[in-house]
Amino acid sequence: MFQIPDHQVAGHKASKGIIGPLIDNSGRFYKPLQSNNRGSKEESFYKKFSSNTEIPNHIRKFFPTYYGTQHIEASDGSGQHPHLVLEDIVSVRTNPSLMDIKMGSRTWYPTASQAYIVKCFKKDSESTSPNLGFRISGFRVYGNEDSGYWKPERNYVAGFDTNDVRIALRRFVSSNSNDLDGESDCAFAQNVYGGPNGVLAQLLMLKKWFEDQTLLHFYSCSILMVYEKIKPNEDRSCVTIKLIDFAHVVDGQGVIDHNFLGGLCSLIKFVSEILDN
C-alpha cells in the first residue's frame, strides 16, 4: 500500500535505518512527525491553518491539503509512527519536474535555542540565503523518454553561488537540462514561468498577500515548484506552486514577515530576468 516517493528532491528521505515520507496510490503523502517537537508544531500549524477564516481562499491553494494525522508503519520498519497525511502534489503527473527553494535570509525562529541558531547560521552562511533571501535545496528535471531525469547531487546544490542559482533556474525550464557543457535553451521558460497561471503570476499573488499579512512568520519554509511538459492542446494546468515545511512557523504578532517576503521578492526578480531575456 505504501511506498517511498521517488520525486523527493530535498528533506529527509527514507532509506535504510532512516525514517522518511511515504505515499500511497490514492494521492496522499505521509510525512512522519519529526522529533524535538518539530512534528507536533507542524501538526498544530496544519490544524490551525485549516480552520483559520482569515486566510483568503485564493491563498489556501498554495498550501497542501491536510487530511489529519495517522499512525502507520514507519519506513524504517521501526513500528507504528504518527504521520501527517497530506496531498501528494505530484500524484496527478506522469513525469514531473520539481524544484525545492528554501525561503528567507535566516532559517531560525526567534525563540530557538542557541545551539539551533548556531547550526542554522552556519548552514545559511554557506549558502545564498543571506545574500539572495533564498537558496535552492534540490531539483530534478525531466528531459524525455531517452534521457529521463537529470538530478544534481545535494552536495553540489548546497555549494551554489548567485550565478549557479541563475543557471539552475534557467536549466529547470530547458529542454537540454542534462547537457552540462551547453548553454540552457530555456525552451519552456514562457510556458512555465510566464503566462497568467505561470510561476511568476503565482509568486506575485503570494507577494501581494505577504505584503499585508501579519498572522504568521514562515521560518525555514520552502516553495515547491512543479511542472510537467504538456502538449499545447491539453486542458490542464502546467505549473503548481506550493509552500511546504511548517515546523518553524510562529505567530506574526501583527508584524509583516519581511524575512520570507524579502526572499520572495528576490526570487521574483530572478524569474522575471529569465523571462525578459
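Which residue forms a salt bridge with R170, and how far apart are the closest N and O atoms? The partner is E183, with the closest N and O atoms 3.9 Å apart; a salt bridge here is a side-chain nitrogen of Lys or Arg within 4 Å of a carboxyl oxygen of Asp or Glu.

This is a predicted model, in which local features need pLDDT of at least 70, side-chain atom pairs count only at pLDDT 80 or more, and totals for chains, interfaces and linings use all residues. Residues are numbered from 1 along each chain as its sequence is written, and side-chain values use heavy atoms, with hydrogens and water left out.

**Domains and their interface**

The chain divides into domain 1 (22-87) and domain 2 (96-276), with bounds from an automatic or database domain assignment. Taken over C-alpha atoms, the domain centres are 21 Å apart. Domain 1 brings 19 residues to the contact and domain 2 brings 17, where contact means heavy atoms within 4.5 Å. About 1,600 Å² is buried between the two domains, 70% of it from carbon and sulfur atoms; buried area is the accessible area (1.4 Å probe) that two parts lose on being put together, summed over both. F45, F62 and F63 supply 36% of the area that domain 1 buries against domain 2, more than any other three residues.

There are 2 salt bridges between domain 1 and domain 2.

**Salt bridges**

By the same rule the count comes to 9 salt bridges. Four of these pairs are tabulated.

| Pair | Closest N to O distance |
|---|---|
| D245 and K31 | 3.1 Å |
| E42 and K31 | 3.0 Å |
| R170 and E183 | 3.9 Å |

E42 lies in helix α1 and K31 in strand β2 (residues 28-32), 11 residues apart; helices (H or I, at least four residues) and strands (E, at least two) are DSSP runs, numbered from the N terminus. E42 is buried at 2% relative accessible area, and K31 is buried at 13%. Buried means under 20% relative accessible area, exposed over 50%, and partly exposed in between (1.4 Å probe, protein chains only).

R170 is in helix α6 (residues 162-171) and E183 in the loop between α6 and α7 (189-192), so the pair ties together parts 13 residues apart in sequence. R170 is partly exposed at 22%, whereas E183 is exposed at 67%.

K269 and E273 are 4 residues apart in helix α9 (residues 258-276), a separation of about one helical turn. Both are partly exposed, K269 at 49% and E273 at 26%. Elsewhere, salt bridges with shared partners join K31, E42 and D245 into one network.
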